[in-house]
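Here are my notes from going through the model you sent. Have it open beside you as you read.

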Amino acid sequence: MRLGIIGCGAIGSYIAQEIDKGNVENVVLNVIYDTQVDKAFWLYSSLEKRPVIAESFEEFLKGDIDVVLEAASQEALRAYAFKIIDAGKDLVVMSAGALADDEFRGRLFEYVKRKGRKIYVPSGAVAGLDGLKALSNVKIRSAKLTTRKPPATLGRSLTKPEILFSGSAVDAARLFPQNINVAVALGLAGDMLEKLEVVIIADPKVKSNEHTIEVKSEAGNLKIVLKNVPFPSNPKTSFLAALSCLEILKSIGKNVVIGG
Ligand SMILES: NC(=O)c1ccc[n+]([C@@H]2O[C@H](COP(=O)([O-])OP(=O)(O)OC[C@H]3O[C@@H](n4cnc5c(N)ncnc54)[C@H](O)[C@@H]3O)[C@@H](O)[C@H]2O)c1
């Protein structure tokens with residue numbers, strides 16, 4: 001599989017370096033693109049097998065690519081998604097928060113179907129999407145995601161915990177775009193984006209990015225607690241998110257798929 005990466009930050013760089021080390025079977029990295037050219041150059045120089053650096057998105061799209069990894073931003077996903085699908089490529093989406101917009105998501109998912117392409121949304125910084133997908137077949141009574149992060153990663157300086165947000169997943173994705181992709185991934189997996197309640201707490205006592213997922217359903221209740229190690233180069237991002245992206249890339253094209 002020939003991969004192109006948009007966004008040479010924490011996740012994009014990690015994936016590129018894992019591919020470079022030969023840790024992702026059957027995947028070659030052919031093109032990288034970042035609006036901050038220095039980021040693309042830094043990544044390029046850290047690799048042994050060097051991809052092409054695209055100077056524009058248009059040049060990126062002309063590259064020798066089957067699958068595009070978007071590891072950039074919600075704006076990037078909104079701007080590029082249709083063009084990527086139109087160019088006959090599949091797409092791995094990290095900025096899942098952009099999919100909270102019903103109109104954008106509806107049009108994009110319909111377009112992908114019409115064009116016979118695929119979109120992959122990794123579990124990202126959370127776990128349990130397999131369980132939620134299964135539960136989406138029965139009645140989900142309630143679903144709640146409580147996210148607790150060090151204040152600095154939420155742009156605050158606090159001495160005691162403060163609830164920054166309590167409301168719907170859709171509003172959380174709009175108001176905390178870089179921090180709440182997980183809510184959208186969970187909401188879409190459980191087909192319950194409208195029902196998912198989100199609480200975001202800035203807590204000076206925590207050192208990791210913590211997520212607690214609580215779901216009550218006809219088929220049983222689920223509670224998952226995650227304490228994620230922040231990524232050194234971008235503490236807003238959890239290491240698990242990059243690993244989950246890596247795992248999706250490894251599973252594309254596999255003959256045996258476990259879980260899901
Ligand atoms: N799904 C999840 O659970 C999850 C978890 C963590 C991060 N994310 C999201 O994944 C994305 C990447 O995360 P990251 O930690 O690597 O971010 P990062 O800030 O470290 O890197 C993003 C890179 O993308 C580049 N970029 C931004 N807009 C661009 C555009 N329009 N075109 C080309 N390049 C562009 C930036 O210059 C930057 O170098 C972010 O949107 C983040 O919110 C999702």
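1. Helices α1 and α9 are oblique to each other, because their axes cross at roughly 45 degrees. The axes of α1 (residues 10-20) and α9 (residues 239-251) come within 9 Å. Axes are lines fitted to C-alpha atoms, for helices over the stretch in contact, with angles from 0 to 180 degrees between N-to-C directions. The crossing of α1 past α9 is right-handed, that is, the near helix is turned clockwise from the far one by less than a right angle.

2. Who makes that contact? From α1 there are A10, I11, Y14, I15 and E18, and from α9 A241, A242, C245, L246 and L249. Contact means C-beta atoms, placed from the backbone, within 7 Å. By class, the residues split into nine nonpolar, no polar and one charged (nonpolar: Ala, Val, Leu, Ile, Met, Phe, Trp, Tyr, Cys and Pro; charged: Asp, Glu, Lys and Arg; polar: the others, Gly among them).

3. A word on provenance: this is a predicted model, where local features need pLDDT of at least 70, side-chain atom pairs count only at pLDDT 80 or more, and totals for chains, interfaces and linings use all residues. Residues are numbered from 1 along each chain as its sequence is written. Helices (H or I, at least four residues) and strands (E, at least two) are DSSP runs, numbered from the N terminus.

4. Now look at β10 (residues 209-217). Its covered face carries N209, H211, I213, V215 and S217, while E210, T212, E214 and K216 sit on the uncovered one. In a regular strand the side chains alternate between the two faces of the sheet.

5. With β7 (residues 140-149) the sense is antiparallel, over eight bridges, and I213 of β10 is the bridge partner of L145. β11 (residues 220-228) also runs antiparallel to β10, joined by nine bridges. A hairpin through two residues links β10 to β11.

6. Two non-glycine residues have positive phi. N26, in the loop between α1 and β2 (28-33), has phi of about 65 degrees. N26 counts as exposed because it has 10 C-beta neighbours inside 10 Å. D191, in the loop between α8 (181-189) and β9 (196-202), has phi near 50 degrees. With 14 C-beta neighbours inside 10 Å, D191 counts as partly exposed. The cut-offs are 20 or more for buried, 12 or fewer for exposed and partly exposed in between, with C-beta atoms placed from the backbone.

Key: Pairing = 2+ DSSP bridges. Parallel < 35°, antiparallel > 145°, perpendicular 65-115°, else oblique. Contact = placed C-beta atoms within 7 Å.
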